[in-house]
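Colleague: Could you walk me through this model and tell me which cut-offs stand behind the words you use?

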Amino acid sequence: MTLLNDQAAGPDPTDALSSVPAAGSRRGTPPVGRLKFCYGPMDCGKSTLALQIDHNHARQGRRGLVLVRHDRSGAPQISSRIGLTRQAVEVGEDTDVRDLVRQEWARGQHVDYVVVDEAQFLSPGQVDQLAELADDVEIDVYCFGIATDFRSRLFPGAARLFELADELQPVQVEVLCWCGLPGRFNARVVDGEVVREGDTVVVADTEQSVVETSASARFEAEFATVRYQVLCRRHFRAGDLGPVTAHHGQLRLT
């Protein structure tokens with residue numbers, strides 16, 4: 001069984017005295033897993049893609065571990081806005097994701113891949129752990145999440161994924177601002193106004209709803225409704241939510 005620890009099983013590949021393979025040769029180099037980050041704004045289909053990746057791998061007989069951090073439903077599951085759901089393991093603030101793999105091994109289960117939804121909420125240290133799983137035990141890791149928060153700044157977990165991932169892939173499903181231009185920015189809307197300050201992690205949906213994560217936010221939630229709306233850069237900067245609509249949530253271009 002492969003061990004996840006700091007004791008190297010062989011020569012340190014970073015050691016200057018290590019043997020160097022001939023140019024273009026990978027002979028003698030063990031295969032490694034991949035760390036991939038698929039990112040995009042709300043409504044672009046990240047969770048749907050995560051579920052599809054899990055389905056495709058499982059159909060080929062591979063066994064995966066499905067993780068999530070702060071799903072919009074508030075439950076330990078991956079939930080897509082088109083109605084698909086999949087039970088998942090909730091990653092806590094202090095969870096060592098390597099331990100989750102070790103627990104599967106202890107039950108006699110092999111792990112070929114890991115799927116992580118809402119990966120932007122991971123800590124940088126947890127992203128490092130995912131990279132270790134890819135490199136040291138050859139597990140393919142697929143992360144899905146939003147790159148920037150409601151202030152248009154990178155989430156710490158997303159920033160670390162940009163630094164470490166073998167592959168970065170923007171989700172190709174286009175999300176539109178109310179004006180018809182591509183939307184990239186997730187504006188937080190409180191009582192109909194775009195806000196620029198507050199807790200970084202406030203889990204809500206494009207519908208009028210509130211699921212807060214801190215005592216101060218819960219206190220504020222008694223007096224306010226919170227939702228998110230995807231905007232283009234121009235209207236995000238202006239705080240312009242577009243024409244008034246009778247429907248809550250993402251505006252329709254009709």
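Colleague: Which residue in S10 does Arg188 stand opposite?

Modeller: Arg188 faces Val195 there. Before we go on, this is a predicted model, with residues numbered from 1 along each chain as its sequence is written. Local features need pLDDT of at least 70, side-chain atom pairs count only at pLDDT 80 or more, totals for chains, interfaces and linings use all residues, and side-chain values use heavy atoms, with hydrogens and water left out.

Colleague: What makes S9 and S10 a pair of strands?

Modeller: Strands are DSSP runs of E with at least two residues, helices are runs of H or I with at least four, and both are numbered from the N terminus. Two strands pair if DSSP finds at least two bridges between them. S9 and strand S10 (residues 193-195) share 3 bridges in the antiparallel sense, so they meet that cut-off. The hairpin they form has 2 residues between the strands, and Asp191 takes a positive phi near 50 degrees in it.

Colleague: Which other strand is joined to S9 by bridges?

Modeller: That is strand S11 (residues 226-231), antiparallel to S9 and joined to it by 6 bridges. Across this pairing, Ala187 stands opposite Gln229.

Colleague: Why is S9 called mostly covered?

Modeller: Buried means under 20% relative accessible area, exposed over 50%, and partly exposed in between, with a 1.4 Å probe and protein chains only. In S9 (residues 185-190), 6 of its 6 residues are buried. Phe185, Ala187 and Val189 point one way, Asn186, Arg188 and Val190 the other, and all are buried.

Colleague: What makes a group of residues a nonpolar core?

Modeller: A nonpolar core is a set of buried Ala, Val, Leu, Ile, Met, Phe, Trp, Tyr and Cys residues joined through side-chain atoms within 4.5 Å. The largest one here has 48 residues, and Leu35, Leu130 and Cys143 have the most contacts inside it. Helix H3 (residues 124-136) gives the most to this core, with 5 residues. Apart from it lies another core of 9 residues, including Phe185 and Ala187 from above, along with Cys232 and Phe236.

Colleague: Why is the pair of Tyr39 and Phe162 called edge-to-face?

Modeller: Rings of Phe, Tyr and Trp (its six-membered ring) pair if their centres lie within 6.5 Å; planes under 30 degrees apart count as stacked, over 60 as edge-to-face and the rest as tilted. Tyr39 and Phe162 are 5.0 Å apart centre to centre, with 65 degrees between the planes, so the pair is edge-to-face. Tyr39 is in strand S1 (residues 35-39) and Phe162 in helix H4 (residues 156-164), 123 residues apart. Ring pairs also bring in Phe37, giving a cluster with Tyr39 and Phe162.

Colleague: How do you know that the charged end of Arg188 sits over a ring?

Modeller: The rule asks for NZ of Lys or CZ of Arg within 6 Å of the ring centre and within 35 degrees of the ring normal. The charged end of Arg188 sits over the ring of Phe150, 3.7 Å from its centre. Arg196 does likewise over Phe236, at 4.8 Å.
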